[in-house]
Amino acid sequence: MANIAKTVVATGASSGLGFELVKQLLARTQPHKFILGARDIKTTQAAFDNLKYDSSTHSLTIFPLELSNLRNVKTFSQQALSTVGQGNIDYLLLNAAISMSAEKPGPHGSKWSLLEEDVKGSSTSERGTYSATKFIHLLGAHWWRRQLQGTCRVVAVSPGLIPGTGLPRGTKLSSLPVDHPDAKSIPEGAQSIFRAFTREDFPEDPEQIFLTSWGEWWPKDVYQLSLDESLQDKWCPSKDQIEKEEGLAA
């Protein structure tokens, strides 16, 4: 029913594609309950307040989230689940990213911020490392698909080539020109992500989870290497394993 609010938990919604997607959803008549994680709550809250959205239709809650601090990640997840209460999470959007050197631990010293030597060794440039991490993200999407089979759908979405997101900031990666023949605007990229929220024509093959920016389900042969379950397991340690090694276990 259209009058029942859809609950969206999202990371990476303080700027760029994530912010634009939430902005577009806030302009719709379908009610949404947003639970967002952001590094800078004050700035993020001000940005959404400036949209002058209908607060009688939508609710928006922002909790602090620093993805390089796993203790904070755990706190955010607890706060998000508490806010959801007995309801359901209709959409979980994992959009956050960080551009930084892979040569040292993250700012909070977590070993999980490091890339293993086999990835760093095969990547002679920041662009190569970026591509390798995208492959690892796809491994993670397939790992979660396996864990959550029959519970929810996992979709990996390409928003397209979006020069305006500012992703290369803080790196040696060169910014792409906005007049690149394949370039899309931020609103167009957000629409690509939104399509994953509304599609119902899911392929019969559960391994076919990649939705392109032009709205097609990519054939598996394009990302065949990511279907290796041993690689998926290697790059997706369990919650218990991570918490034990980080000293977060209860």
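**Rings, helices and buried residues**

Visitor: Which residues form one aromatic cluster?

Guide: Rings of Phe, Tyr and Trp (its six-membered ring) pair if their centres lie within 6.5 Å. One aromatic cluster consists of Phe210, Trp214, Trp218 and Tyr223.

Visitor: What kind of model is this?

Guide: Residues are numbered from 1 along each chain as its sequence is written, and side-chain values use heavy atoms, with hydrogens and water left out. Local features need pLDDT of at least 70, side-chain atom pairs count only at pLDDT 80 or more, and totals for chains, interfaces and linings use all residues, the model being a predicted one.

Visitor: How many helices and strands are there in the protein?

Guide: Helices (H or I, at least four residues) and strands (E, at least two) are DSSP runs, numbered from the N terminus. Along the sequence they follow the pattern β-α-β-α-β-α-β-α-α-β-α-β-α-α. The protein has eight helices and six strands.

Visitor: What percentage of the residues of the protein count as buried?

Guide: Buried means under 20% relative accessible area, exposed over 50%, and partly exposed in between (1.4 Å probe, protein chains only). Of the 250 residues, the buried share is 36%.

Visitor: How many of the residues of helix 1 are buried?

Guide: Helix 1 spans residues 16–26, and its buried residues include Leu17, Phe19, Leu21 and Leu25. Among the elements that cover them are strand 2 (32–38), helix 2 (41–49) and helix 6 (186–198). Helix 1 is largely enclosed by the rest of the structure, because the buried number out of its 11 residues is nine.

Visitor: Is helix 1 roughly parallel or roughly perpendicular to helix 6?

Guide: The two pack with axes 8 Å apart and at an angle of about 70 degrees. Axes are lines fitted to C-alpha atoms, for helices over the stretch in contact, and angles run from 0 to 180 degrees between N-to-C directions. Angles under 35 degrees count as roughly parallel, over 145 as roughly antiparallel, 65 to 115 as roughly perpendicular and the rest as oblique. Helix 1 is therefore, relative to helix 6, roughly perpendicular.

Visitor: Which residues does Arg28 contact, leaving aside its neighbours within four places in sequence?

Guide: Arg28 is in the loop between helix 1 and strand 2, and its 38% relative accessibility makes it partly exposed. Contact means heavy atoms within 4.5 Å. By that rule Arg28 is in contact with Thr57, His58 and Phe194.

Visitor: Is Ser213 buried or exposed?

Guide: Ser213 sits in the loop between strand 6 (210–211) and helix 7 (229–235). Not counting residues up to four places away in sequence, the residues it touches include Ser158, Lys184 and Arg195. With a relative accessibility of 8%, Ser213 is buried.

Visitor: How many residues apart in sequence are the parts that the pair of Phe202 and Trp217 ties together?

Guide: The structure holds eight aromatic pairs. One of them, Phe202 with Trp217, is tilted, at 5.7 Å centre to centre and 50 degrees between the planes; planes under 30 degrees apart count as stacked, over 60 as edge-to-face and the rest as tilted. Phe202 is partly exposed at 24%, whereas Trp217 is buried at 13%. Phe202 lies in the loop between helix 6 and strand 6 and Trp217 in the loop between strand 6 and helix 7, so the separation of the parts tied together, in residues, is 15.
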